[in-house]
Amino acid sequence: MAARAEVVARHTGRAVRDVRPVSGALTEVTLDDGRVVVVKRSDAPGAARTEAAGLRWLAAAGSVRVPGVHGHEEGWLVVDRVPQGHAGPEAAVRFGRDLAALHAAGAPAFGAPPPDGPVEAFIGLAPMRNEPAADWPRWYAEQRVLPYLRRTVDQGTVGAGEAVVVERLCERLPGLAGPAEPPSRLHGDLWSGNVLWAADGQVWLIDPAAHGGHRETDLAMLRLFGCPHLELVLDAYQEEAPLAAGWTERVGVHQLFPLLVHAVLFGRGYAEQALAVARTAPAG
């Protein structure tokens, strides 16, 4: 605990009054002025820098709320704590509008990392490469789907013969992608565990894998792993920034990336979901 207290003191400029472990990676630290911050430990090289850059980039949009970053160094990240509350319909509507504004803040390219963010980044515990490109279907196939598909094959989670169905879907992506859109500023790992319904009646986002991407990917991930009041969120989003026709038919295509990431990390069950998505994708 002493190391965590030293890190917090170094990045906040305040003395530490109390240290309380939350999990193996997270510790809540009370400062001498009563504020509480969270120090996050990660052994993956560059992970703290990646997350700090992502949080700052999302905050710069001035829309969805994210914890303030006090500082980071190799292996450590210090951010504000978000006191948790309860999911409510009013917060859901605000979240939908704010998420639309976040996406509209844009990015320089598909795959663009946040300013000061590394190319070799992370989504959760999995490596994720942020290599900018101008064309979404090709970038999504080459940088988001196929790298994780290859890893599942190398791990023996997916058979080489099974992988063909995903590879064929990638070949058809230009016809499945819908109308071309400019790159959006994505949270990038928008599952329900990273959506905090806070005590202030707002939704806050944590643990981003921020990059430039297609806005439907964030929305598809919300649906994949569940979100309280999801239909209210989506309705409010559409009032601010209507989605292109046929977006509901493209949800599975956008879910393919997080499903394959989870297959790499957690095994066959997610691989089977990814294969099912590829087998049932629209003709395009």
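Trainee: In this predicted model, how does the lining of the largest pocket divide by class?

Mentor: The pocket holds about 1100 Å³ of space. Of its 43 lining residues, Lys40, Glu51, Asn194, Ile206 and Asp207 are the closest to the centre. By class, the lining of the largest pocket comprises eight charged, eight polar and 27 nonpolar residues.

Trainee: Which helices and strands each supply at least two residues of the lining of the largest pocket?

Mentor: Both kinds of element take part in the lining of this pocket. The strands are E2 (26-31), E3 (36-41), E5 (76-80) and E6 (120-123). The helices are H2 (47-60), H7 (215-225) and H9.

Trainee: Which element gives the most to the lining of the largest cavity?

Mentor: The structure holds one cavity of 30 Å³ or more, and the largest cavity has a volume of about 50 Å³. Its lining includes Thr50, Ala53 and Gly54, along with Pro113, Pro114 and Met128. With three residues, the element that gives the most is H2.

Trainee: How many charged residues are in the lining of the largest cavity?

Mentor: Among the lining residues are Gly117, Pro118, Ala121, Asn130, Ala209 and Ala210. The lining divides into eight nonpolar and four polar residues. The number of charged residues is therefore left to the class count, in which Asp, Glu, Lys and Arg are the charged types. For this lining, the count of charged residues is none.

Trainee: Are H4 and H9 roughly parallel or roughly antiparallel?

Mentor: Helix H4 (residues 136-155) packs against helix H9 (residues 251-266) with the axes 9 Å apart and an angle of about 30°. Angles under 35 degrees count as roughly parallel. The orientation of H4 to H9 is therefore roughly parallel.

Trainee: How many nonpolar residues does the contact of H4 with H9 have?

Mentor: From H4, the residues that meet H9 include Trp136, Tyr140, Arg144 and Tyr148. From H9, those that meet H4 include His254, Phe257, Leu260 and Val264. By class, this contact of H4 with H9 has two charged and four polar residues, and its nonpolar residues number 12.

Trainee: Are H4 and H5 roughly parallel or roughly antiparallel to each other?

Mentor: The axes of H4 and helix H5 (residues 160-171) lie 10 Å apart, at an angle of about 175°. Angles over 145 degrees count as roughly antiparallel. The relation of H4 and H5 is therefore roughly antiparallel.

Trainee: How many charged residues does the contact of H4 with H5 have?

Mentor: H4 contributes Ala141, Val145, Leu146, Leu149 and Val153, while H5 contributes Ala160, Ala163, Val166, Glu167 and Cys170. By class, the contact of H4 with H5 has nine nonpolar residues and no polar ones, and its charged residues number one.

Trainee: In which hand does H3 pass H7?

Mentor: The axes of helix H3 (residues 89-104) and H7 come within 10 Å and cross at roughly 150°. H3 is therefore roughly antiparallel to H7. Phe95, Leu99 and His103 in H3 meet Arg215, Asp218, Leu219 and Leu222 in H7. The crossing of H3 past H7 is right-handed.

Note on methods
Residues are numbered from 1 along each chain as its sequence is written. This is a predicted model: local features need pLDDT of at least 70, side-chain atom pairs count only at pLDDT 80 or more; totals for chains, interfaces and linings use all residues. Side-chain values use heavy atoms; hydrogens and water are left out. Axes are lines fitted to C-alpha atoms, for helices over the stretch in contact, and angles run from 0 to 180 degrees between N-to-C directions. Helices (H or I, at least four residues) and strands (E, at least two) are DSSP runs, numbered from the N terminus. Angles under 35 degrees count as roughly parallel, over 145 as roughly antiparallel, 65 to 115 as roughly perpendicular and the rest as oblique. Contact means heavy atoms within 4.5 Å. On a 1 Å grid over the protein atoms alone, a cavity is a set of points where a 1.4 Å probe fits but cannot get out, and a pocket is an open set with protein on both sides within 12 Å along at least five of seven lines; lining residues have an atom within 4 Å of a point. Grid points are joined across faces, edges and corners, and a volume is the space filled by probe spheres set on the points. A crossing is left-handed if the near helix is turned anticlockwise from the far one by less than a right angle, and right-handed if clockwise.
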